[in-house]
Each structure stands twice: as structure tokens, then as C-alpha cells.
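Let's walk through this fold together, from the overall build down to a single side chain.

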Amino acid sequence: MIGTIIAWLPIPIIFGNVIGGSVYFLQLTPEDLGVSTGVAPYIFEHFLGSVGAVVFVIMIFMAGLTTGGNGLAGVQAMLTLDFYKRYVNKKADERKQMRFGRLVTFAAGIVIGIAAMFLDGMSLLEIDIFSGILFAAPTASLIIGLWSKRLNSTIAICSMVVGLAGGLSAYFMIDNPDLNWFIGNILSLALPFLVILIGLPFSRKQYDFAPLKEYEPEHEIQKI
């Protein structure tokens with residue numbers, strides 16, 4: 001995880017500085033761009049020509065494809081192991097879990113497609129900013145959970161609920177569009193840390209990391 005952060009964290013920072021610096025150097029205006037989210041493709045095409053525009057489109061397509069694939073894989077694993085295997089069919093073998101996982105992936109794809117149809121016409125930047133509030137809430141549980149044995153599911157869930165409630169409330173209740181997204185993201189990120197740090201001293205249960213290192217499936221793995 002630390003290696004991933006060190007390797008990938010500079011990329012968006014450098015990319016943002018290069019694109020932003022290019023806009024400042026070229027003295028571009030909103031009229032030149034057409035849309036506010038068209039800065040990056042404009043810069044690519046300006047300096048690299050049509051080849052740069054094609055490269056940028058391919059890069060965005062690959063990023064979206066990998067993100068969507070990882071998201072579907074996460075949903076499939078979560079529902080298959082934590083729901084189907086634990087509550088529906090505890091004796092399910094590898095083949096049955098695979099069949100259920102494929103149905104989950106198919107259903108999730110349909111739901112995502114329908115949601116995308118309702119979001120037609122909405123700014124991608126607005127969707128990205130709103131998603132930041134949703135993705136910021138679990139960050140505290142992930143970071144602290146990797147290092148602290150005392151973080152339990154109750155505290156983690158409460159922290160995410162409080163973070164989402166605070167972030168979404170700020171986003172919808174603050175009238176200033178230049179301020180609501182910022183405060184919403186900050187609250188969604190900071191409140192879970194506060195809840196966890198307050199709740200940890202009252203936690204008596206310590207998480208055992210050993211089963212994660214020694215995990216073996218309950219059934220024999222079959223080739224499918």
C-alpha cells in the first residue's frame with residue numbers, strides 16, 4: 001500500500017500542475033475551451049496535435065475501464081462471500097459461487113447503465129465532486145483499520161454514516177456552489193477520523209489479523 005501511494009500519488013499532482021500551468025501560460029478563457037472540463041484534451045491537442053487527442057481519449061477509456069472492472073469485482077466478491085456464502089448458501093462450492101458472482105456482475109452492470117441514463121446531461125465535474133464526498137467517508141476506516149487492532153465494525157460504520165451525513169448535508173444545504181463541495185468533502189473526510197479517534201478508547205475488542213495471513217477456503221478449490 002505504501003509503495004502504491006508513493007508511486008501513484010505524484011501522478012495527479014504533476015498532471016494537474018502541468019495542465020494548469022499550460023492554461024495559465026496560454027492565457028486560455030472559458031470561451032476557448034467550450035466547457036470547463038475540456039482543459040486537458042485541449043492542452044493535449046494543442047501541444048501534441050491530433051495524435052495527442054487520440055492518446056488522451058485512449059487513456060481516459062482505459063482508466064474508466066479498469067475502474068469499472070475493479071468496482072464490479074469488488075461488488076461481486078462482497079455479495080458472493082459476505083452475503084451469499086455467509087447467509088444464503090453456506091455450503092456453496094466454487095462453481096455455485098462463480099455462478100452467483102456472474103449474476104451479480106450482470107445485475108450490477110444493468111443498474112449502473114440505468115443510473116448513467118438518468119445522469120445524461122449532468123456535468124462530469126459535478127459527478128466527480130459529488131463522488132468525492134461518497135469516497136471520502138470510508139477513508140478513515142481504511143487507514144486506521146490497517147494499523148489499529150481496536151477498530152471494530154460498529155465504530156467504522158458509525159464513522160462512515162456520520163461522515164456521509166455531514167458531507168451531504170453541507171453539499172445540499174450550503175447555497176454557495178463554490179463552497180458547498182469543498183466543505184462537503186472536508187466534512188466527509190474529517191468527521192470519520194474524529195468519530196474513530198473518540199470511539200477507539202471505548203473499544204474492548206481487538207481484531208486478529210492472523211486469519212487474513214493464514215486464510216484458506218472452507219471448500220476444495222475446483223478448476224472451472
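**A walk through the model**

Of the 224 residues in this protein, 20% count as buried, where buried means under 20% relative accessible area, exposed over 50% and partly exposed in between, with a 1.4 Å probe and protein chains only. Keep in mind that this is a predicted model, in which local features need pLDDT of at least 70, side-chain atom pairs count only at pLDDT 80 or more, and totals for chains, interfaces and linings use all residues. Residues are numbered from 1 along each chain as its sequence is written, and side-chain values use heavy atoms, with hydrogens and water left out.

The protein has 10 helices and 0 strands, taken as DSSP runs (H or I, at least four residues, for helices; E, at least two, for strands) and numbered from the N terminus. The C-alpha trace spans about 60 × 45 × 35 Å along its principal axes. The radius of gyration is 22 Å, while a compact globule of 224 residues would come out near 17 Å; the radius is taken over C-alpha atoms, and the globule rule is 2.2 Å times the number of residues to the power 0.38. Among contacts (heavy atoms within 4.5 Å) between residues at least 6 apart in sequence, 64% join residues at least 24 apart.

The largest pocket has a volume of about 1,700 Å³. A pocket here is an open set of points on a 1 Å grid over the protein atoms alone, where a 1.4 Å probe fits, with protein on both sides within 12 Å along at least five of seven lines; lining residues have an atom within 4 Å of a point. The volume is the space filled by probe spheres set on the points, which are joined across faces, edges and corners. Of its 35 lining residues, Ala63, Gly64, Thr67, Leu124 and Asp128 are the closest to the centre of the largest pocket. Helices H2 (10–26), H4 (39–88), H5 (94–118) and H6 (124–136) each give two or more residues to this lining, and H4 has the largest share, with 13.

Finally, find Ser203, in the loop between helix H9 (180–199) and helix H10 (210–213). Is Ser203 buried or exposed? Ser203 counts as buried because its relative accessibility is 4%. Its side chain makes a polar contact with the side chain of Asn152 at 3.1 Å, that is, a pair of N or O atoms within 3.5 Å, one able to donate a hydrogen and the other to accept it, with residues adjacent in sequence counting only if both atoms are side-chain atoms. A polar atom of the Ser203 side chain also lies 2.6 Å from the backbone oxygen of Arg150.
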